[in-house]
Amino acid sequence: MKTQVVIIGAGPSGLLLGQLLQRAGIENIILERQTPEYVLSRIRAGILESGTVSLLHQAGAGERLAREGLVHEGVEFLFNNQRIPVALSALTGGKTVTVYGQTEVTRDLMACRSRSGATTLYQAGEVTLHDVNSASPSVSCLYRGERVHITCDFIAGCDGFHGISRQAIPAHLRQEYERSYPFGWLGLLADTPPVNHELIYAHHPRGFVLCSQRSATRSRYYLQVPLSEDADAWSDSRFWQELRARLPPELCERLITGPSLEKSIAPLRSFVVEPMQYGRLYLVGDAAHIVPPTGAKGLNQACADVNYLWQILEKYYRQGREDLLSQYSALALRRVWKSERFSWFLTHLLHDFSSHTPFDNRIQEAERDYYLHSRAGQTTIAENYVGLPFEPVE
């Protein structure tokens, strides 16, 4: 087989890249080791930056998003039982975020790809990258019992943190940066109306709380818990009881509980690899970087990577701009590190750290007081939350 771009991974970043390339007339094949059903079963974030929404519309995958997505012009923070609204739209010249689950984004992109007739090989095993540092890379895999070999011009590694793509960059050329946090998020998904129209990020002496949502009838709640906790040890009633203990009375009165659809604990970590390219191999999304979920940047930063890569490839094929091929890593990493910084900042602002000294705690309180009671501080939060602008690809 032969194509122009092989994409490893059929998650939202791989599917979005494939769709944008397809619409630009650039042939591509996606390889995915799991089934479509498995990919759709992953429960992930649901807050889309304005730039991500624009990209999905460019890809032709924004129709249902426009119809069903919940546009949010603000967000709330809660400290010492005081609710502090941050007017995202007013502070950023009209920018907003949209609540729309990652599963739904993936479903829409799958439907677009199916309509386009582009090739996706699901349950592709033993994927191997060949000659990525040459002008003629290729990928091989085991598909339906046969060994398939695909020659291509470029390879996009959209296969996540545990995928094979990052490992194809020689170890002596990779610089990895990592920070793990001493707690996780216990998340519960339920078909219950959200407790509040806007999302609420709350600090409480018992630990951080996020009151989020997936739709007007589906809620997602998170509790900060030690990493030693086991999700199976948390019954629904125990979760709701602990959530009530961390919310003020007026929110508890409005809280509607119900049986959980899913319950799990997510560890918090920060990770970045440099560079994000090697020869004709380009890393996208979680293959190159992980952020704590606090800032809702994981999916959004992956889409930002896609934005740079598809434009570079389009200009290469349409305009012969070979000079742009080497610029991807630098372009992507500038925004990656700003997303990492914001996620790190919010994580430290909102969570309790057992290692904190009394001095650390007072500094944390001063940070909250400044950022949430200052227009400049709120603007900093708002600008990062709705998404920093994409740099032009020139």
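Start the tour by selecting Cys252, which is buried at a relative accessible area of 16%, where buried stands for under 20% relative accessible area, exposed for over 50%, and partly exposed for what lies in between, computed with a 1.4 Å probe on protein chains only. Before going further, note that this is a predicted model, in which local features need pLDDT of at least 70 and side-chain atom pairs count only at pLDDT 80 or more, whereas totals for chains, interfaces and linings use all residues. Residues are numbered from 1 along each chain as its sequence is written, and side-chain values rest on heavy atoms, with hydrogens and water left out.

Cys211 is accordingly in no disulfide, its nearest cysteine sulfur being that of Cys252. Cys211 is buried as well, with a relative accessible area of 3%.

**The nonpolar cores**

Next, select Leu16, Leu17, Leu31 and Tyr328, the residues with the most contacts inside the largest nonpolar core, which has 77 residues. Such a core is a set of buried Ala, Val, Leu, Ile, Met, Phe, Trp, Tyr and Cys residues joined through side-chain atoms within 4.5 Å. Helix α9, residues 298-319, gives the most to this core, with ten residues; helices (H or I, at least four residues) and strands (E, at least two) are DSSP runs, numbered from the N terminus. Apart from this core lies another, of 32 residues, among them Val86, Leu268, Ala296 and Leu346.

Centre the view on Leu17 and display its contacts, a contact being heavy atoms within 4.5 Å. With residues up to four places away in sequence not counted, Leu17 touches Ile7, Ala156, Cys158, Val306, Leu309 and Trp310.

Staying with helix α9, move to Asp305, which lies in that helix. Is Asp305 buried or exposed? At 0% relative accessibility, Asp305 counts as buried. Leaving out residues up to four places away in sequence, Asp305 touches Met276, Val284, Gly285, His289, Tyr328, Ala332 and Val336.

From Asp305, go to Tyr143, which is 162 residues away in sequence and 28 Å away in space, C-alpha to C-alpha. Now select strand β10 (residues 138-143) together with strand β11 (residues 146-151), which pair in the antiparallel sense over six bridges; pairing requires that DSSP find at least two bridges between two strands. Within this pair, Cys141 stands opposite Val148 in β11. The hairpin has two residues between its strands, and Arg144 takes a positive phi near 55° there.

Select Gln34, in the loop between β2 (28-32) and α2 (36-41). Gln34 counts as buried at 18% relative accessibility. Setting aside neighbours within four places in sequence, Gln34 is in contact with Val39, Arg42, Tyr122 and Gln123.

**The salt bridges**

Finally, turn to the charged side chains, where the structure holds 21 salt bridges, each defined as a side-chain nitrogen of Lys or Arg within 4 Å of a carboxyl oxygen of Asp or Glu.

Select Glu242 and Arg246, which form a salt bridge with their closest N and O atoms 2.8 Å apart. Glu242 and Arg246 are four residues apart in helix α7 (residues 236-246), and are therefore separated by about one helical turn. Glu242 is buried, with a relative accessible area of 11%, and Arg246 likewise counts as buried, at 5% relative accessibility.

Elsewhere, salt bridges that share partners join Glu63, Arg64, Arg67, Glu68, Glu104, Arg107 and Asp108 into one network. Within that list, pick out Glu63 and Arg67, whose salt bridge has its closest N and O atoms 4.0 Å apart. Both residues lie in helix α4 (residues 63-68), four residues apart, about one turn of the helix. Here Glu63 is exposed, with a relative accessible area of 65%, and Arg67 is exposed too, at 54%.

For the last stop, select Glu176 and Arg174, whose side chains meet in a salt bridge at 3.2 Å, N to O. Glu176 is partly exposed, with a relative accessible area of 37%, whereas Arg174 is buried, at 18%.

Methods. A disulfide is a pair of cysteine sulfur atoms within 2.5 Å.
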